[in-house]
Amino acid sequence: MAKEGKTQNPVVGRGSCYNSITLAMFKDKSYTEASPAHYTLKIESFSQLSEALKKTGVDKYESGVFDVGGYKWKLLMYPYGNTKKNGDGHISLYLAMVETDAVLKGTQVDVTLKLSVYDHIREQYLSIEDGKVKRYHSLKTEHGFDQLLPLATFNDSSNGYLVDDCCVFGVAVHVLKFAASKREKFKIIEEPENGTYTWYIYNFSKLEPKENISRVFTVAGYNWNLSLYPKGVLTEWGRSLSLYLKLDPGSIGSPQKQVYVECKLLARDRWYGKHHERTVQKWFSESKSLWGFASFMLLSDLNNRSTGFLVNDTLVVEAKITKVSVAEAQIS
């Protein structure tokens, strides 16, 4: 992609990503072929990520964690703009300190930072900074730009920032010492390989009225289980079948990492094909590794002998993961 090279000032005029008013907002901006020094975030399915965030009521994407200068950091990217900070109609991008406990009380960490977005047409990064030292402490954990790029500019592929639904952001942050450059590539996989898991539950009526867990199945490198309560969880006890999709936190790789999933949970009607289906659209993480439905299906419907859900005391449930996000960490 980008490589080491010379920097140059962006040209304002035909084909430029900014007008002169927008450029005047920033003290220092330049084009460079050199990749950002410490972290890049490549998003290969930007529209799907934006849609996934909107569906789940989340306003930003948080990158993986990386180390610079003895501290842990992450990028925060708002695809619709940070509305709490006048970012409407723009891409908002920030560098956040992850573990502020590492900063002694009453002190701060001074840094200079340069945020970047890749121009696929020029094959260069547009790097932006305001020339000010940023101070991070327990009460101020984020710095960046509320209005990094107008959405109209960013979404127009002729400007080079979003091409084939792919974009790249980056950061160079300078603290006291140099750290190896790390990168992240984010994408959402549609219809992932081996995305459907079918669980045959024999002797259903003899199951213990507690959590019953399926065998492990792997999709997109993550390990999953189905979790089923035959008589329902506490709030639905004796009324509903409870069914959940469960992610093994150990397969995520980082406590801060999140995995977006769209999954159809299904109970098969083996006589008439009138399957009972509900959809999960959630961000999974180490702290939120279980999503599904306490009231997935009424027990009265499940046990109705005129349906084909329970045949020879066997229930068949299925998980079909239709979309899953993958964030690959890379070091260079």
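**The interior of the chain**

Tutor: Of the 332 residues in the protein chain, 49% are buried, where buried means under 20% relative accessible area, exposed means over 50%, and partly exposed lies in between, with a 1.4 Å probe and protein chains only. The model is a predicted one, in which local features need pLDDT of at least 70 and side-chain atom pairs count only at pLDDT 80 or more, while totals for chains, interfaces and linings use all residues. Residues are numbered from 1 along each chain as its sequence is written, and side-chain values use heavy atoms, with hydrogens and water left out.

The protein chain holds 4 helices and 23 strands, which are DSSP runs numbered from the N terminus (helices are H or I with at least four residues, strands are E with at least two). Among contacts with a separation of 6 or more, 69% join residues 24 or more positions apart, a contact being heavy atoms within 4.5 Å.

Now to the part you asked about. A nonpolar core is a set of buried Ala, Val, Leu, Ile, Met, Phe, Trp, Tyr and Cys residues joined through side-chain atoms within 4.5 Å, and the largest one here has 43 residues, with F154 and F169 having the most contacts inside it. Strand β8 (residues 109-119) gives this core its largest share, 5 residues. Because domain 1 (28-175) and domain 2 (184-330) both contribute residues, the core lies between them; the domain bounds come from an automatic or database domain assignment. Looking at F169 itself, and setting aside neighbours within four places in sequence, its contacts include Y39, L41, I43, M77, L148 and F154. Apart from this core lies another, of 34 residues, which includes L226, L228, V259 and L265.

After α2 comes G57, whose phi is positive, near 70°.

Y200 is partly exposed at a relative accessible area of 45%, and Y202 is exposed at 55%. Elsewhere, Y61, F186, Y260 and W283 form one aromatic cluster.

Methods
Phe/Tyr/Trp six-rings, centres within 6.5 Å; stacked < 30°, edge-to-face > 60°.
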